[in-house]
Amino acid sequence: MDLNYTPDEEAFRRQVRNWLDENIPDSGLRGVDRNADRDKSTLEKMKAWQRRVHQAGYLALSWPKAYGGQAMDPVRQSIANEEMVRTRAPALIGAMGISMVGPTLIAWGDDEQKARYLPKILAAEEIWCQGYSEPGSGSDLASLRTRAEIEGDEFVVNGQKVWTSNAHFADMMFCLVRTDPDAPKHRGISYILIDMKSPGITVKPLVQMTGDRGFNEVFFDNVHVPRRNLVGKLNEGWMVANATLFHERNMLGSTTTTQMLFNRLKALAAGTMRSGRPLSEDPVFRQRLADLEIRVEAMKYHMLRQLTDSIRGRNPGLGAWVNKLVGTELNHDLATAAMEAMGDYALLARDDGHALDRGFWPYEWMFTLGLVIGGGTSHIQKNIIAERGLKLPKSR
Amino acid sequence: MDFGLTEEQEQLRESARHFLAGECPAAKMREIAADAAGFSPELERKIAQLGWPGLIVPEQFGGAGLGMLDMAVLLEECGYAAMPGPFLFSAAIAAYALAAGGGEELKTRWLRPLAAGAAAGALAMVEANDGLAPSDFATAARTAPSGAVINGVKMFVPYAQSASFFVVAARTGAGGREAGLFVVPADAPGVKVRPLKALDLTRRFAIVEFDGVLAPPESQLQGAADLYERVLGAGAIAIAADSIGGAQRVLDMAVEYAKVREQFGKPIGSFQAIKHAAAEIVADLEPARALTWYAAYAFDALPREAARAVAMAKARACDVYSRAADKAVLMHGGIGFTWDHDIHFWFKRSRMNESLFGAPPFHRERVAALGGY
Ligand SMILES: Cc1cc2nc3c(=O)[nH]c(=O)nc-3n(C[C@H](O)[C@H](O)[C@H](O)COP(=O)(O)OP(=O)(O)OC[C@H]3O[C@@H](n4cnc5c(N)ncnc54)[C@H](O)[C@@H]3O)c2cc1C
Ligand SMILES: Cc1cc2nc3c(=O)[nH]c(=O)nc-3n(C[C@H](O)[C@H](O)[C@H](O)COP(=O)(O)OP(=O)(O)OC[C@H]3O[C@@H](n4cnc5c(N)ncnc54)[C@H](O)[C@@H]3O)c2cc1C
């Protein structure tokens, strides 16, 4: 064990930090938190920001050079991520492309697909959305019914997706479709890439409990998709889908956000007076804060342990199964503690003039619960830990 | 940046797990627990042959000169086995205290035999009021012409009955506000041991009275207030590591049982209530293990972070162990509530671990204070 960074890594950290400090102010995105409602101008600014990060060489550090990455080790990637959180850098609009479909294509895509899609993901030229869930298939994803029939060298897609985040502005969708309705449910699914401008696609926004338009219903009416957009083999999309889910769950379990939330909670408690003293000096609230900080730190080292496993080329084992469960629940616990700390101010809507910090916490409190659900609920995560991790017998 | 065990540490872990499965299986643990002494001379001898007592003792005093992370790796396995005996208290804590604060003579006299397994040290810290701050101690070391004279009564002294020497915390200094640490031979005149009956049968403890015990100047450990904190820290890490291993064991026991016990015509492990309870233990345990390794590493390598890291690990590992033990007993149903089933040994040990060297609320308060809130 050695928690020191090499002088080169330290220099890299300073370089990233300086670059962020210099460039964040002109992004025009200061204070745009995890707001999911992207109006056109915000969207353009966010794409411009991602391009800038990419041109500076700080995006997708561990991707191969051929696809616009930097072929660096995962340590630098984690340093860059840490600095983005520390400097409160604007969110990356192409996150689902960078963290989910990109790594999946690197592992499963053919050369043509990699060359065609990966550079545009990084350059924010194509924003991606995930077409997995359907009205009848949420937790039981493999029961999905959106149908793709093969006609010549095309798939013809009919059906519906739901809760599709970002579909209202996405250019591309990675989508699960049923290509063999007669096979057992996990064996008749294929993973295809769909151009969102294809004729026959209708996107109907849904308003989330936050009041934002974050996700959508997506309808497919005889949508033609070239066969070359199939990733992996026909009817073997479930494995590909799971690769993406693994990346998604790691992204959702990432502790950089968690640390940022804790720091803001601590500042909130220090600045909130209760019975004549800061809330952070209240013995009960101190215990709660300390417990949260301890859990945040435990996750930090838990993730570092997995980072080391990946550098050593080892399977992280049982540990990796818990990231999504623990990370998203911890974020929600942090936000819940902040809501409690705020007292009556927690009751104000985001756009009320008296809202604290422009409504940051009430928004996070809701958003973080959405992430406990999205990407596979906590219940489903526990099923997976028990059945795949601990090898307890299946319930069915 | 490397957050993993070395090959040697992994070997230590593997060989310890293997050794304890053979030499200290649950049946043996129960046998030792049932014996009044609470340790097995035979097991202690074998452990000594493996060099465990001297793991963190400097090489010049016959030890292996390894660090707290190595010790934590080993203690995780001892916790997994619920190994009875003074090992943790002597080899991780008393050894650390002597190595860090003892003069040459003291080290030669006590540390060398400790490393060889020929002597065991015990910590005499808390008193009837159960406080850990030096101001809680009534035991005082008064300056006398030939050194200090110690008077006081210590409680919950682990393995006092079989200890060769005590590391005694006593108030010193002008206002008696500092805790000095003194090494007192167990057979020194004025020392009297009265056993307590422990809930955790894998451990023994006692009341130790120090009645005008003479402590010559060289018996006092050097390093003053800071040393006392560090010794408590060594204890906290040791207990945290034991807790991680214990939590792993109760999880393994419950999972194994859930695969074979059938109700309603199927294994209880196919019921979601059981699955989720097991998954929650994993979700608590894995991050807590990483935190404990970090604390053990920081204890030696990152002096500025160590105090906070240790407090975090102690609070979390003990919370996690107690919760895991609760869930695991429940998962066993009625059989888990019997004396004959083994799981109550871990259940009780989790409770003792929680209390020793500061309970979780104590350490959370330290985290708050050290984090500036
Ligand atoms: C903010 C947000 C963003 C999202 N973004 C996307 C997206 O971009 N793309 C996409 O495809 N999907 C997205 N989703 C959908 C998400 O993946 C699903 O909501 C989730 O998988 C749950 O499915 P469901 O909503 O159908 O709930 P259901 O599956 O109907 O679950 C209802 C309840 O039953 C529980 N449950 C179900 N089955 C079991 C079981 N076997 N054992 C125990 N409990 C069970 C669930 O845990 C839940 O509590 C998003 C969801 C949210 C909230
Ligand atoms: C202190 C004590 C006193 C008792 N006194 C009496 C008495 O006087 N008379 C008497 O008749 N009995 C008595 N009992 C027995 C008690 O009723 C049973 O222990 C209890 O009903 C559980 O049954 P079991 O021990 O067979 O565990 P099991 O039924 O084998 O259960 C093992 C585990 O599986 C879980 N489990 C089992 N089925 C399901 C399911 N479908 N869904 C989810 N989880 C499940 C249980 O909750 C438990 O965690 C006593 C038990 C105790 C502990």
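These legends walk through a few close-up views of a predicted model. Residues count from 1 along each chain as its sequence is written, chains are lettered from A in the order written, and local features need pLDDT of at least 70. Side-chain values use heavy atoms, leaving out hydrogens and water.

**View 1. Helices H9 and H11 of chain A packed together.** Here H9(A) covers residues 323–342 and H11(A) covers residues 378–389; helices are DSSP runs of H or I with at least four residues, and strands are runs of E with at least two. Their axes (lines fitted to C-alpha atoms over the stretch in contact) sit 9 Å apart at an angle of about 150 degrees. That makes the two helices roughly antiparallel, a label for angles over 145 degrees.

**View 2. Where H9(A) meets H11(A).** From H9(A) come Lys324(A), Leu325(A) and Glu329(A), and they touch Ser378(A), Gln381(A), Lys382(A) and Ile385(A) of H11(A); contact means heavy atoms within 4.5 Å. Sorted by class, that is two nonpolar, two polar and three charged residues.

**View 3. Strand E3 of chain B and its partner E2(B).** E2(B), residues 140–144, runs antiparallel to E3(B) with five bridges; pairing takes at least two bridges found by DSSP. A two-residue hairpin links them, and Arg142(B) faces Val149(B).

**View 4. E3(B) beside strand E7(B).** E7(B), residues 205–215, pairs antiparallel with E3(B) over nine bridges. One of the bridge pairs is Pro158(B) with Phe205(B).

Methods: This is a predicted model: local features need pLDDT of at least 70, side-chain atom pairs count only at pLDDT 80 or more; totals for chains, interfaces and linings use all residues. Axes are lines fitted to C-alpha atoms, for helices over the stretch in contact, and angles run from 0 to 180 degrees between N-to-C directions. Angles under 35 degrees count as roughly parallel, over 145 as roughly antiparallel, 65 to 115 as roughly perpendicular and the rest as oblique. Ala, Val, Leu, Ile, Met, Phe, Trp, Tyr, Cys and Pro count as nonpolar, Asp, Glu, Lys and Arg as charged, and the others, Gly among them, as polar.
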